[in-house]
Amino acid sequence: MVVFTRKRMVLFVVLLSLVSGLVHLAITSNYRLRLSWDVDTPLYAKRPGVMLQRPLWRFYQWEPVKSLEPLRPYANPRGSYPVPREKNNGFIYAKIFGGFAKDKSFGMIHFISICDLVAISRLLNATLVIPEIQESTQSKHISHKFKSFSYLYNEDEFIASLSKDVIIVKSLPEDLKAAKKRNEILTFKPKGFASPNFYMKEVLPQLKKAKAIGLVITDGGCLQSLLPPSMSEFQRLRCRVAFHALQFRPEIQKLGRLIVNKHRESHKPFIAYHPGLTRETLAYHGCAELFQDVHTELIQYRRAQMIKRGIINDELRVDSHLRRDNGSCPLMPEEVGLLLRAIGYDRQTNIYIAGAETFGGQRFLIPLLAMFENARDRTFHAKAELPDLVGPETHIPSNNFQPSPVKNEEQLKEEWNRAGPRPRPLPPPPDRPMYQHEKEGWYGWITETDTEPDPSPMDLRQQAHRLLWDALDYIVSVEADAFFPGFHNDGSGWSDFSNMIMGHRLYEGAASRTYRPDRKVLQEFFNMIRDDLYHPKHNWTLKVREHLWNSIAEEGLVRQSLLSKPTSFLSHPLPECSCRVPSEDSHQVKGDDGRLLYGGEVDCPEWMPRKPETFTVWQTVEFAKIENNGSSENGSPVVERPESDDSVEKSSTSLALDQDDEWDPND
């Protein structure tokens, strides 16, 4: 009887342990399902009669950043600000190289240079002549209906918007044109970080003497980024130029709004992603080994050119993987896709791929496209409309690579006979045969010659077209619900496309979701899972998510100010070009040099609205889908916010100063 009781007790304990294990396993599986790395599971799927259990972080994917909502764009002059006089010290004309120059394709350099030119003209009390953008004038085959500046921007709006700041004309007077042809006008080539003292002491005397001077800008800007506090009005003038006066020509604006509206019509938010993978960026930072085959050779050839011309003071061959770990190299599209999945964006998230050039082409975007099926670029959204931007152009034959002619047997024998005395060493083993696809395309020269050929007419035309594609992507990226840069804030002295986008989004809507990741920290995270990228542990996902959350808030702003503002003021126009509405959370962060990195904005004027504009109305749409399973309260589908034509015309990327809202110098 006792033995039977013991058996029953043992059996009871075993069954109890088994049931306990099954319960714990079910709880663990449910937890892993809710916080799963597999984001392919529908975000809002729920079973009938069961409350939806969703991670808290899902709610905040598209919300504005609460701590930054009190900031408002406010670049109006403050205090005494006299209107420029028609009789001044003379004329300034300039030629801008950079945007897609052969050695310095680091972004919208012409954009920064124009803002600096306006500030210099105000400083010297001079009249500014509409500058020439050389990337368009070098191409002799673009449409005849456009001049250099008007190829991108609206000249009339530019002149009218800055009429209270600087006098701007379209050309020099006839007598000065003649003097320019006779080389009687002195031309300066200022450095990218020239100080105001250089212009006051070196340029101004020559301007007063000759009534005109020329500037050749090649280093991405011609005035230092950080100016003394007494020159805050010049910083605000830069903001008015960049974010209001520089309005793209109507055809570019119309197409940009068309792409944005196509995204809005899907009733889903969208992310703009700029890879930053340009050949010049990769060569400058020594990232050649991250690529393969001919791409590595092309990057190294460009790096050798930069070393020869003194742009780089470094060795030709460096450890690219070490540079990547230091955060010097752009994030690869595959890495960006993994980061977006870690944040919580699902497979159906709309991603707009910006950038006129992605080195390596679609081949390196394949992993990102595999993770996000709605990742598209401008050619997908407006393929039929793109030719309308360039206007009527003359026909140019296709730029087919012509390999060296094949030598016949008689020519080979003749070379053998002229090769010198015998005996001769054995010839080297034959090289790997070159296939035809390796000789075709713009990179085909590397298989035949040691030097890169000069740009063909088609190459020059494509360089001019890239200006248009960058302008188009600029509009869409500023309007996007979120922006993720593949490369920015490198601290090397160069400004890039992503920096300009981040600065504009910070000015127009500081609370918008703009990611400012630290690439060095991210590479440390990736090195933890380098052997198994697609199956990280949950703790890894939480660390990445926390870093990216911090990058869109104050922590990211402070880091951006430390790295990017010393090289480009427009990438971080705080606090000079902003104001703050009353709020409980208001504090200042200063750097080691005493410079304000965050905070310190003036109080906004009374006429400015107290409540921020809704940067992303999609938060409301997504919440309605969660609670009503895709329907509104009355059962009808969720409808996009109404957007009139007037609101579209006055969007944040119109870059125009409304005539009815012109600032008063006495404000």
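Visitor: In which helix does Gln 235 lie, and is Gln 235 buried or exposed?
Guide: The model is a predicted one. Gln 235 belongs to helix 7. Its relative accessibility is 2%, and the limit for a buried residue is under 20%. Gln 235 of helix 7 therefore counts as buried.

Visitor: Which cysteine does Gln 235 touch, not counting residues up to four places away in sequence?
Guide: With those neighbours in sequence left out, the contacts of Gln 235 include Ser 225, Leu 226 and Leu 227. Phe 569 and Glu 576 are also touched by Gln 235. The cysteine among the contacts is Cys 577.

Visitor: With which residue does Cys 577 form a disulfide?
Guide: A disulfide requires two cysteine sulfur atoms within 2.5 Å. The sulfur of Cys 577 has a partner sulfur 2.0 Å away, and the two residues form a disulfide. The partner is Cys 239.

Visitor: How many residues apart in sequence are the parts that the pair of Cys 239 and Cys 577 ties together?
Guide: Cys 239 is located in helix 7 (residues 232-245). Cys 577 is in the loop between helix 22 (554-563) and strand 13 (578-580), so the link joins parts of the chain whose separation in sequence is 338 residues.

Visitor: Is the link of Cys 239 and Cys 577 right-handed or left-handed, and are the two cysteines buried or exposed?
Guide: The angle about the S-S bond is 90°, which goes with a right-handed link. Both Cys 239 and Cys 577 are buried. The handedness asked for is right-handed, and the cysteines are buried.

Visitor: What is the handedness of the disulfide of Cys 287 and Cys 329?
Guide: The sulfur atoms of Cys 287 and Cys 329 are 2.0 Å apart and form a disulfide. The torsion about their S-S bond is about -100°, so the disulfide is left-handed.

Visitor: Where do Cys 287 and Cys 329 lie, and how many residues apart in sequence are the parts they tie together?
Guide: Cys 287 is found in the loop between helix 9 (279-285) and helix 10 (294-308). Cys 329 is in the loop between helix 11 (320-325) and helix 12, so the parts tied together have a separation in sequence of 42 residues.

Visitor: What are the relative accessible areas of Cys 287 and Cys 329?
Guide: A buried residue has a relative accessible area under 20%. Cys 287 is buried, at 0%. Cys 329 is likewise buried, at 1%.

Visitor: How is the pair of Cys 579 and Cys 604 placed in the chain, and how many residues apart in sequence are the parts it ties together?
Guide: These two cysteines form a disulfide with sulfur atoms 2.1 Å apart, and the link is right-handed, with 95° about the S-S bond. Cys 579 lies in strand 13, and Cys 604 in the loop between strand 16 (602-603) and helix 23 (618-628), so the parts tied together are separated in sequence by 25 residues.

Visitor: What is the pairing of the bonded cysteines in sequence order?
Guide: The structure contains three disulfides. When the bonded cysteines are numbered along the protein chain, the pairing is 1-4, 2-3, 5-6.

Visitor: At what angle do the axes of helix 12 and helix 21 cross?
Guide: The axes of helix 12 (residues 333-343) and helix 21 (residues 538-551) come within 9 Å. In the contact, Leu 339, Ala 342 and Ile 343 of helix 12 meet residues of helix 21 including Trp 540, Val 544 and Leu 548. The contact residues comprise six nonpolar, one polar and one charged. The crossing angle is roughly 95°.

Terms used: Residues are numbered from 1 along each chain as its sequence is written. This is a predicted model: local features need pLDDT of at least 70, side-chain atom pairs count only at pLDDT 80 or more; totals for chains, interfaces and linings use all residues. Side-chain values use heavy atoms; hydrogens and water are left out. Axes are lines fitted to C-alpha atoms, for helices over the stretch in contact, and angles run from 0 to 180 degrees between N-to-C directions. Helices (H or I, at least four residues) and strands (E, at least two) are DSSP runs, numbered from the N terminus. Contact means heavy atoms within 4.5 Å. Ala, Val, Leu, Ile, Met, Phe, Trp, Tyr, Cys and Pro count as nonpolar, Asp, Glu, Lys and Arg as charged, and the others, Gly among them, as polar. Buried means under 20% relative accessible area, exposed over 50%, partly exposed in between (1.4 Å probe, protein chains only).
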